[in-house]
Amino acid sequence: MTAEELAVGLFKLRFEALGTNCLVQFRAPSIESAKKYRSETLAWIRSFEETWSRFRPDSLLCHINASAGINAVKLTPQQDEIIKLCEHTFRTSKGIIDPTSYPLTELWDSAAQRDQVPKENEIARTRESIGWDKVEHSPGSVFLPEKGMALEIGGFGKEYAVDQLIALARSYQIEHALVDLGRDVATLGSPVHGPYWVVGVENARELDAPLHRLAITNQALATSGNGRRFRTIGGEKYGHIIDSRTGHPVKNELLTATCLANDCLTAGLLSTSACILGIDSGMEQVDRSFNTEALFQTATNTLFSNNIHLQLISQ
């Protein structure tokens, strides 16, 4: 603990995980609880990454995928929660976000390495492996019944982790915190000076420039989009978000979608769905959802949901 942290009562924890830079800020009732929360936060993130990273060959996720078409994989109750979230993601998004779409990601990543757009028959063949409804899941067990099927939790994993760290803070009687995992954010209470946490929304049209600042408390924020993350094939940009219904990277006017909700998982599902659905359908989905707001960026314009102006801070 630094002298500055002790003086102002705001503790900061910085680390790298889940392929991004992470920051947790919090006010703790005691030094002891602050130390325990820091330790538990790092332990939880480490365990989550070891279990669910597709970049770790010995992870449970890789084991599930390697067992596709061969045998079911047993799960602990905690591991089973993630498979339930896969179901929740698929149903809530009405199939827009499919956790079994990883083979399409592999196809387009490979295409980028070869610098050659996949042929339509390759895409069609790969799409035959996609479909959450094929997955056989019962309490404590999951089975991908066809060779070539594969799960990927990138559609909600980071947002889920944000919410879990907020829940962990509450378990240590921490009433004021901000968890930021690669700009997926959730908040509790307020910082030391001021009634709200101030969170910047990056300008999708200009590198390292904030577009707006939002005042939030007991809310979460997530941003999705193709503005900064894309593949280049034959000199043309292809967004990193793939529409599993077509097998092609999403291509529409929307550069990024930033959504506010009561929890980061909901915010992330709304923002990713909006990027796939497009501006009109994406904003309609936000308007239909409870206590949610959004800010969409295109190449030339910024669009706002009905009440987000109440949380915008003047530049």
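Visitor: How many aromatic pairs does the count come to?

Guide: The count comes to seven aromatic pairs, where rings of Phe, Tyr and Trp (its six-membered ring) pair if their centres lie within 6.5 Å, and planes under 30 degrees apart count as stacked, over 60 as edge-to-face and the rest as tilted. This is a predicted model, in which local features need pLDDT of at least 70 and side-chain atom pairs count only at pLDDT 80 or more, while totals for chains, interfaces and linings use all residues. Residues are numbered from 1 along each chain as its sequence is written, and side-chain values use heavy atoms, with hydrogens and water left out.

Visitor: How is the pair of W44 and Y160 described?

Guide: A pair of aromatic rings is described by the distance of the centres and the angle of the planes. For W44 and Y160 these are 6.1 Å and 45°, which makes the pair tilted. Because W44 lies in helix α2 (residues 31-52) and Y160 in helix α7 (residues 157-171), the pair ties together parts that are 116 residues apart in sequence; helices here are DSSP runs of H or I with at least four residues, numbered from the N terminus. W44 is partly exposed at 25% relative accessibility, whereas Y160 is buried at 14%, with buried meaning under 20% relative accessible area, exposed over 50% and partly exposed in between (1.4 Å probe, protein chains only). Elsewhere, ring pairs link F11, F26, Y37 and Y172 into a cluster.

Visitor: How many disulfides are there?

Guide: A disulfide is a covalent bond between the sulfur atoms of two cysteines. With the criterion of a pair of cysteine sulfur atoms within 2.5 Å, the count here is zero. C86 has its nearest cysteine sulfur, that of C62, 14 Å away, and C86 is buried with a relative accessible area of 0%. For C264 the closest cysteine sulfur, in C259, is 11 Å away, too far for a bond, and C264 is also buried, at 0% relative accessibility.

Visitor: Which residues does helix α8 cover, and how far does it reach?

Guide: Helix α8 covers residues 264-277, and its 14 residues reach 20 Å from first C-alpha to last, close to the expected 20 Å, the expected span being 1.5 Å times one less than the number of residues. Twelve of the 14 residues are buried, so α8 is largely enclosed by the rest of the structure; among them are C264, L265 and C275. At the start of α8, a side-chain oxygen of D263 comes within 3.3 Å of the backbone nitrogen of L265, and after the helix comes G278, with a positive phi near 100°.

Notes:
Helix = DSSP H or I, 4+ residues; strand = E, 2+ residues; numbered from the N terminus. Polar contact = N/O pair within 3.5 Å; in protein donor to acceptor, adjacent residues only side chain to side chain.
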